[in-house]
Amino acid sequence: MVSHSGLITVMERAVRKAAPRLRRDFGEVQNLQVSRKGPADFVSMADKQAEETIVEELRKARPDWGMLLEEGGEIAGDPSKPRWIVDPLDGTSNFLHGIPHFAISIAVDDPIGGITHGMVYQPLTDEGFWAEKGRGAWVQGNRLRVSSRRDLADSLVATGIPFLGHGDFVQWSRIFGAVAPEVAGIRRFGSAALDLAWVAAGRYDAFWESGLKPWDVAAGWLLVKEAGGFVTDFRGTDRAVEKGEVLAANDQLHSRLHKLVANALR
Ligand code: IPD
Ligand code: CA
Ligand code: CA
Ligand code: CA
């Protein structure tokens, strides 16, 4: 077991401060105020309040850092310092439907080192997946490793499916048509941050989705990398976080899936 760095402690403090209210709101979801940001893009008071709490904690610890927040947008900070990237509630649709699968995602984006720290925290199970560049990925004191399966035929693959007003249906269908017949199963659980954390934990063997934002991807991207996995965009380049386009797996499966995806998108 490795000890936390100071920044992981800061992130942990922030998620633990926001979690009790998320748990309470989840139990009384019918009373929550909900509005739309797009045709099927919902935001509730729970998203906003969690973000406020997290921002307050992060700001207390690093007052001069900027932030990229799903709900609050960009907050400028000292450009020579890192910034926080925060999704206060990843899986809002699940949350609003009473489906117990959602998470908080926080990452540190350093102007030189890129994403150096990440945490994906599941309030209902109290699981905090964290990673630090060069120091591995961890949950509850246990080191995370991506799965070691080598054959697509044995693999359980997660994805995110486009929905009303969001995403590229044709692209997704082509990839699905190429991948589904080759693998043991496909899952769509509805939290991209957890999808990546679960690839890091070896629960899923692989994950693909496009149309994502940096706050969905940044922390999970580092978790997968530090768990020994590969994360690229669909072309195989290292731009998954900026493009919001993700193909994540262990090295063997990544290269197999990448071939299928490349053929499907030709
Ligand atoms: C969403 C979830 C979902 C993904 C969507 C995201 P949100 O984030 O990660 O799995 O398919 O594209 O927008 O809005 O629940 O934070
Ligand atoms: Ca959202
Ligand atoms: Ca999200
Ligand atoms: Ca969100």
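This is a predicted model: local features need pLDDT of at least 70, side-chain atom pairs count only at pLDDT 80 or more; totals for chains, interfaces and linings use all residues.
Residues are numbered from 1 along each chain as its sequence is written, while chains are lettered from A and ligands numbered from 1 in the order in which they are written.

**Around G72**
- You'll find G72 in the loop between β3 and β4 (strands are DSSP runs of E, at least two residues, and helices are runs of H or I, at least four, numbered from the N terminus).
- Leaving out residues up to four places away in sequence, G72 touches E51 and V55 (contact means C-beta atoms, placed from the backbone, within 7 Å).

**The sheet**
- An open, mixed sheet has 8 strands, ordered β4-β3-β5-β6-β7-β8-β9-β10 (two strands pair if DSSP finds at least two bridges between them).
- Its edge strands, β4 (73-75) and β10 (142-143), each pair on one side only.
- Strands β7 (residues 114-122) and β8 (residues 127-132) run antiparallel, joined by 6 bridges.
- Y121 stands opposite G128 in β8.

**Ligand 1**
- Among the residues around ligand 1 are D87, D90, E209 and D216 (each C-beta atom, placed from the backbone, lies within 6 Å of the molecule).
- Ligand 1 lies between domain 1 (6-143) and domain 2 (152-264), because both give residues to its shell (the bounds come from an automatic or database domain assignment).

Technical notes:
Two residues are in contact if their C-beta atoms, placed from the backbone, lie within 7 Å.
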